[in-house]
Amino acid sequence: MHGVINFMVTPFHASLRLNAKGLQENIRFHAAAGTQDMTILVGGGMGELLSLDVEEHRLVAEAAVAGAEGKMPVVVGVRGGYQLAMRMARNAEQSGADAMFLL
């Protein structure tokens, strides 16, 4: 991974529910634009990682990988104590993310 690291903002609905489809579409926009040397980082740079539960985290990871369509690397944020961090790391791994950003 090299070039620009794009810390994606995680969108939420007005009801404060995660908008995973919106995240996927935002990332797909970059993938379709043919952006070169860009890495997508989700759940790790804008503070939302602290408010995502494990299921929402899984959805963020899956949406990012699906949106990138294999055209750019995806890094997924991971945080917490050992048990939480391990569950989030599994989410990143099972989604097909290229790397993890450990906090």
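V54, H57, R58, A61, E62 and V65 in helix α2 meet L84, R87, M88, N91, A92 and S95 in helix α3, where contact means heavy atoms within 4.5 Å. Helices (H or I, at least four residues) and strands (E, at least two) are DSSP runs, numbered from the N terminus. The residues of this α2–α3 contact split into six nonpolar, three polar and three charged. Here Ala, Val, Leu, Ile, Met, Phe, Trp, Tyr, Cys and Pro count as nonpolar, Asp, Glu, Lys and Arg as charged, and the others, Gly among them, as polar.

A word on the model itself: it is predicted, with local features needing pLDDT of at least 70 and side-chain atom pairs counting only at pLDDT 80 or more, while totals for chains, interfaces and linings use all residues. Residues are numbered from 1 along each chain as its sequence is written, and side-chain values use heavy atoms, with hydrogens and water left out.

Back to the helix pair. The axes of α2 (residues 54-68) and α3 come within 8 Å and cross at roughly 25°; axes are lines fitted to C-alpha atoms, for helices over the stretch in contact, and angles run from 0 to 180 degrees between N-to-C directions. That makes α2 roughly parallel to α3, a label for angles under 35 degrees.

Then there is the sheet. Four strands form an open sheet in the order β1-β2-β3-β4, with parallel pairing; two strands pair if DSSP finds at least two bridges between them. At the edges sit β1 (4-7) and β4 (99-102), each of which pairs on one side only. From one strand to the next, the twist averages 30°. Helix α3 (residues 82-95) packs on this sheet, touching β3 and β4, and its direction makes about 165° with that of β3.

Looking at individual pairs, β1 and β2 are joined in the parallel sense over four bridges, and I5 stands opposite T39 in β2. Strand β2 (residues 38-42) in turn pairs with β3 (residues 74-78), again in the parallel sense, over three bridges. In that pair, V42 stands opposite V76 in β3.

Leaving aside residues up to four places away in sequence, V4 touches D37, M38 and T39. Q83, by contrast, is 79 residues from V4 in sequence and 31 Å from V4 in space, C-alpha to C-alpha.

Methods
Angles under 35 degrees count as roughly parallel, over 145 as roughly antiparallel, 65 to 115 as roughly perpendicular and the rest as oblique.
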